[in-house]
Amino acid sequence: MSEQSPKNNIDNLNQTVAGTSDNSTEKATEKEFLDSIRQNIDAVDCEIQTLINDRAKLAQQVAIVKKNNIANDASADNSNPIFYRPEREAQVLKAVMQRNAGPIADEKMARLFREIMSVCLDLEAPQRIAFLGPIGTFTHAAALKHFGKAADTVPMTTITDVFREVEAGTAMYGVVPVENSSEGVVNHTLDGFLSSTLKIIGEVELPIHQNFLVAEHTKIDGLSRIYSHQQSLAQCRHWLDVNFPNVERVAVSSNGEAARRLKNEWHSAAIAGDVAAAEYDLHKLYANIEDNPSNTTRFLIIGHEAVAPSGQDKTSIVVSAHDKAGALIEILKPLSYHGVSMTSIETRPERPNKWAYVFFIDMDGHIDDANVSAAINDIRPLVKDLRVLGSYPKAVL
């Protein structure tokens with residue numbers, strides 16, 4: 001390192017450039033300026049690399065402390081300490097965005113840190129994440145967004161398989177879709193909680209942007225079919241009607257499957273997201289072709305452990321109500337009385353009982369918050385059963 005820090009060098013360079021007039025070639029040539037800038041970039045890169053490795057070493061120290069605590073705790077019922085802390089990661093990412101001063105946008109800066117944190121967590125303990133597959137789906141994109149690319153993401157055939165994989169301990173965590181702003185709730189995910197003891201430990205909100213994808217060997221003038229999941233075809237119906245009205249639309253099991261099929265077909269295109277394009281080495285002929293640009297899907301992270309408060313949390317419960325008039329109103333009154341904001345409510349059949357129903361309720365706040373705890377305690381004697389599915393950080397990215 002030189003005596004001057006990279007920041008001081010950059011400040012000096014900025015002052016020099018700012019004070020340089022159009023006819024200042026006598027003072028410095030364009031090449032000299034570029035060389036000076038590049039030298040500063042190299043110096044900054046060295047400093048960043050050193051600091052990232054320092055952070056990684058600290059993460060390794062955290063792992064050693066956690067493993068030693070388990071080894072020294074005679075009451076511990078397993079030898080696998082918890083390395084992934086959703087509340088801690090949410091706090092770190094929010095702090096990154098709050099202190100960010102640009103020119104990089106807050107969310108983009110947080111995503112850079114998300115990947116650094118992912119690599120550091122992988123050094124502590126590799127994380128195996130089950131998600132609703134196949135590779136290239138939006139659930140895959142949600143898993144990568146939440147855990148970073150260093151995580152070992154494993155595709156599952158069904159939502160039930162994701163629950164089973166996490167319950168068995170084969171995967172540490174799972175990622176499943178729960179609702180879409182256009183299509184509504186994903187019933188299979190809600191039903192999964194009725195037969196599982198797993199908890200919700202996090203959430204991901206993913207804007208759904210659809211791309212018109214082709215392969216390198218695709219003959220665009222000879223297109224005869226367009227593959228995608230039926231929901232994606234529906235979400236792009238108007239765009240397709242205008243741009244490819246006479247090309248057959250073929251619904252397949254997922255957008256990842258749609259992208260995969262282009263490998264051996266020269267006359268086909270696919271509609272899918274960015275992850276599918278990257279995974280299958282496809283070209284985005286048209287980007288963001290969805291009819292509703294604000295379309296968003298919410299995903300849940302499922303696991304075993306309870307999550308501490310992060311400062312901005314949600315709590316989800318499932319309630320089995322008595323079969324009587326006004327049952328739902330009774331359930332909601334304690335939330336209002338204690339000032340708890342309900343963010344959503346969904347109804348599902350209470351199997352195997354006929355004409356009986358359960359309510360899935362999301363609310364602002366953490367179960368450790370006094371008002372949330374009081375509201376839930378007031379609801380319990382009013383219903384047949386109440387289970388807290390989890391308290392977890394609100395989506396940050």
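Which strands does helix α7 lie across? I looked, and α7 (residues 187–194) lies across β12 (313–320), β13, β14 and β15, running at about 80° to β13. For me, contact means heavy atoms within 4.5 Å. Axes are lines fitted to C-alpha atoms, for helices over the stretch in contact, and angles run from 0 to 180 degrees between N-to-C directions.

**Ground rules**

I'm working with a predicted model, where local features need pLDDT of at least 70 and side-chain atom pairs count only at pLDDT 80 or more, while totals for chains, interfaces and linings use all residues. Residues are numbered from 1 along each chain as its sequence is written, and side-chain values use heavy atoms, with hydrogens and water left out.

**Whole chain**

I counted 13 helices and 15 strands in the protein chain. Helices (H or I, at least four residues) and strands (E, at least two) are DSSP runs, numbered from the N terminus. The C-alpha trace spans about 90 × 65 × 40 Å along its principal axes. Of the 397 residues, 43% are buried; buried means under 20% relative accessible area, exposed over 50%, and partly exposed in between (1.4 Å probe, protein chains only).

**The four-stranded sheet**

I found an open, antiparallel sheet of four strands in the order β13-β14-β12-β15. β13 (342–349) and β15 (385–393) are at the edges with a single partner strand each, so one side of each has no neighbour in the sheet. Neighbouring strands here are turned by 15° against each other on average, direction ignored. Two strands pair if DSSP finds at least two bridges between them, and β13 and β14 (residues 357–364) have seven, in the antiparallel sense. Helix α12 (residues 327–337) lies across β12, β13 and β14, at about 15° to β14.

**The five-stranded sheet**

Next I checked an open sheet with mixed pairing, ordered β8-β7-β9-β6-β10. Its edges are β8 (248–252) and β10 (283–286); each has a single partner strand, so one side of each is left without a neighbour in the sheet. The twist averages 35° from one strand to the next. β7 (residues 225–229) pairs with β8 in the parallel sense over five bridges, and Arg 225 stands opposite Glu 248 in β8.

**Two helices crossing**

How do α3 and α4 pack? Helix α3 (residues 86–99) and helix α4 (residues 106–124) pack at about 145°, with axes 9 Å apart. Contact residues include Val 92 and Leu 93 of α3 and Phe 113 and Met 117 of α4. I sorted the contact into nine nonpolar, no polar and five charged residues. Here Ala, Val, Leu, Ile, Met, Phe, Trp, Tyr, Cys and Pro count as nonpolar, Asp, Glu, Lys and Arg as charged, and the others, Gly among them, as polar.

**Cysteines**

I searched the whole structure and got zero disulfides, a disulfide being a pair of cysteine sulfur atoms within 2.5 Å. Why none for Cys 120? Its sulfur is 19 Å from the closest cysteine sulfur, in Cys 46, which is too far for a bond. Cys 120 is buried at 3% relative accessible area, and Cys 236 is buried at 0%.

**A loop residue**

Last, I looked up Ile 135, in the loop between β1 (128–132) and α5 (138–147). Ile 135 is partly exposed, at 32% relative accessibility. Leaving out residues up to four places away in sequence, Ile 135 touches His 140, Pro 155, Gly 256, Glu 279 and Tyr 280.
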